[in-house]
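User: Hi! I am new to reading protein models, and I would like to learn how to look at one feature at a time. Could you guide me?

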Amino acid sequence: MIRSLKIAALLAFTSVTKGNFRIALLTMLILILVALNLLFVPGLLDGLVWGANDKLVNTYSSDLLVESDGASHYIPSVDLFIADIEKIEGVEAVTARNYLGAEIDFEGKYLGAAVYGVHPDRERTVFTIADYIIEGSYLDEDDVDTVLIGAQIAGADMPELEMYARSLQNVHAGDRISITYTNGIEKEYIVKGIFHSEFIQTDLQAFVTDKEFQTIAPLLANNASTIYIKTSKGADTEAIIDQILGTESGVKVTTWEDHAGLVHSMTSSFKIIEVIMNVVNLLVAGITIFIITYIDVAHRKRQIGIQRAIGITPASITLSYVIRAIFYSIVALALAMLIYKFGIIPLEARYPFHFPFGDVFLRMIPFVLIRTALMLFAVSIISALLPVYGVMRTKIINAIWG
Amino acid sequence: MIKVQKLTKIYDMGKVKVKALDGVSFNVVNGDMLAIMGKSGSGKSTLLRQMGLLDLPTTGRIFLGRYEVTKLAESTRAGLRLKYLGYVFQEYALLGELTAHQNVYLPGMMLNNKGKDYKKRAAELLKLVGLGKRVHHYPKELSGGEQQRVAIARALINSPKVLLADEPCANLDTISSGLVMETLARLNQDMKVTIIFVSHDPSDKQYASHILTLADGKIISEDGGPA
């Protein structure tokens, strides 16, 4: 076996270094393109999924949500509860919100929306909505009579918005809007700021400070409809949930995935698309590599015949083609990785693909890299083996003299 | 000793069947230098390929020592080719991607168990055939005669009992042909290797101790050889 390997290695090495340069170059180029395709498609789809999930977590759901599980829709004594939650290992930040349904009016146009009472300072630690202000500014802790609204509510003269037609269409920071809450209170607010996170569910929200909210619903002081928790990276979510449930009865804890909804169905579809595209890519790659190897082997049929005639075993000859295929795959994969990491990813980062929930950035995932390498090796080896096997079945004299 | 008994080879060319060998029988003793002569299409190369275990006859038997090689499986025949036979092709048949040295020691690697002995022996054989200074040249850098001598060195790497050469001088000029034939004759005399060569050049008879002449797949004359 070692002898066969040594001979195969010698034949493979000389075939790579002294063989037909154009065939080697063509094979390598095809393999690089296949590897790039196998890296790019999952990288893009993963970037899409990651981008959608990131927006969901950082602007809409946070990592964990605590809600009342009882008859009341509100969690009482929320200050004390938050203090307890903050002590749990793995919890990075906590904020609580109350909300009321409302109708928002502006110059004869109106729409229904949820208005949330929030603690701006805490909000900034859990959500990144403050980073998406496109007009005016974010709320301050002591603000009253002002409201922060999402772009899908304001419209802000941006007809390219998905929900522009049902929005207030031309509300801008500084404008006065009227809000009628479901408890019957109607109040006029100055729009302090408009945010556009590009995550539709988020941009359909309106926020007032908790101080303002207490003037609208004084009975809900120190109550919360939902507590939002940001966990640290790598935190044990299950352990955190167990500890929260152990601290307070009558609450339920859900994860961001439970609130993914549309994003979840979208990511599932992307995964199916990814599988289909990978299969198609591999088939195309396999057939292409097979054709190139077949031509190469046909060109070398006489050489293979001579090798067999002088006593080189079929195993050694076949192994030499396998080694060559693996060598080409390794070099092609390495080059594809370098092109992807130092060429395509930075270029895409400069000119990112824009999707409805924002810019999508290509990603390089170790698992995908390993999977790509294995798939490429498998396709290359099979594509090399089949034509060589065909020549091995030919009589020696036919291989040499045709 | 090689025994060839009633060897027939028929090539099936679709509608036409071509009888390349027609009941050929003869013996070759150890140390013989057999020339298989005849015109083009007489069946010389076909006969040599059967004896070199590169092809199977349609009928008849070949004995290599006490083994009837026509009945053996291809893997066993491959082993016999490697251990007992050396084959020199008409068109040199060197591997273009290997140096002269590598071409010679490659079959040696298949058998040799002692580290790099085959490399040393390959270098010695190249020196023996007069190519001691062309060891690291690639086939394309060698003349036809030099390539054929590399092929002879390669055929000798595993110290074969029998060396078969299929028109080894067919593509060579007179001087190169002389060098190649003298090399074969020297190997036969000095190393006692049984040599069987095919030629259509009557002048090559001078190197042979035993001459078979074929015509239309049949032996029409046999000179010398075992009694």
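Analyst: Happy to! Let's begin with one residue: Ile153(A) sits in helix H5 (residues 151-154) of chain A. Helices (H or I, at least four residues) and strands (E, at least two) are DSSP runs, numbered from the N terminus. Before we go on, this is a predicted model, where local features need pLDDT of at least 70, side-chain atom pairs count only at pLDDT 80 or more, and totals for chains, interfaces and linings use all residues. Residues are numbered from 1 along each chain as its sequence is written, while chains are lettered from A and ligands numbered from 1 in the order in which they are written.

User: Is Ile153(A) buried or exposed?

Analyst: The general idea is to count neighbours: a residue is buried if 20 or more other C-beta atoms lie within 10 Å of its own, exposed if 12 or fewer, and partly exposed in between, with C-beta atoms placed from the backbone. Ile153(A) has 26 C-beta neighbours inside 10 Å, so it counts as buried.

User: Which residues is Ile153(A) in contact with, beyond its neighbours within four places in sequence?

Analyst: Two residues are in contact if their C-beta atoms, placed from the backbone, lie within 7 Å. Leaving aside neighbours within four places in sequence, the contacts of Ile153(A) include Ile104(A), Leu111(A), Ser167(A) and Leu204(A). Another way to look is by C-alpha atoms: those of Ile153(A) and Arg166(A) are separated by 8.0 Å, with the two residues 13 apart along the chain.

User: And where is Glu222(B) found?

Analyst: Glu222(B) belongs to strand S10 (residues 218-224) of chain B. With 14 other C-beta atoms within 10 Å, Glu222(B) is partly exposed. Leaving aside neighbours within four places in sequence, Glu222(B) is in contact with Phe26(B) and Leu212(B). Glu222(B) and Ala35(B) are 187 residues apart in sequence, and their C-alpha atoms are 9.9 Å apart in space.

User: Which residues are buried in helix H2 of chain B?

Analyst: In H2(B), residues 74-84, the buried ones are Arg77(B), Ala78(B), Arg81(B) and Leu82(B). To see how they are arranged, look down the axis; the arc is that of the directions from the helix axis to the C-beta atoms. Here the buried residues fall within an arc of 140°, so they line one face of H2(B). Strand S6 (85-88) and helix H3 (100-111) of chain B are included in what covers them.

User: How do I read the packing of two helices, and at what angle do H2(A) and H11(A) pack?

Analyst: Axes are lines fitted to C-alpha atoms, for helices over the stretch in contact, and angles run from 0 to 180 degrees between N-to-C directions. Angles under 35 degrees count as roughly parallel, over 145 as roughly antiparallel, 65 to 115 as roughly perpendicular and the rest as oblique. H2 (residues 21-61) and H11 (residues 314-350) of chain A pack at about 50°, with axes 8 Å apart, and are therefore oblique to each other. By class, their contact has 16 nonpolar, two polar and no charged residues. For these classes, Ala, Val, Leu, Ile, Met, Phe, Trp, Tyr, Cys and Pro count as nonpolar, Asp, Glu, Lys and Arg as charged, and the others, Gly among them, as polar.

User: How many residues of chain A are in contact with chain B?

Analyst: There are 18 residues of chain A in contact with 16 residues of chain B. On the chain A side, helices H1 (2-18), H10 (301-309) and H13 (396-401) each supply at least two residues. H1(A) gives the most, with six residues. By class, the side of chain A that touches chain B has seven nonpolar, seven polar and four charged residues.

User: What does H1(A) meet in H3(B)?

Analyst: Arg3(A), Lys6(A) and Ile7(A) of H1(A) meet Leu106(B), Met109(B) and Met110(B) of H3(B). That contact divides into four nonpolar, no polar and two charged residues. The angle between H1(A) and H3(B) is about 160°, with their axes 8 Å apart, and these helices are therefore roughly antiparallel to each other.
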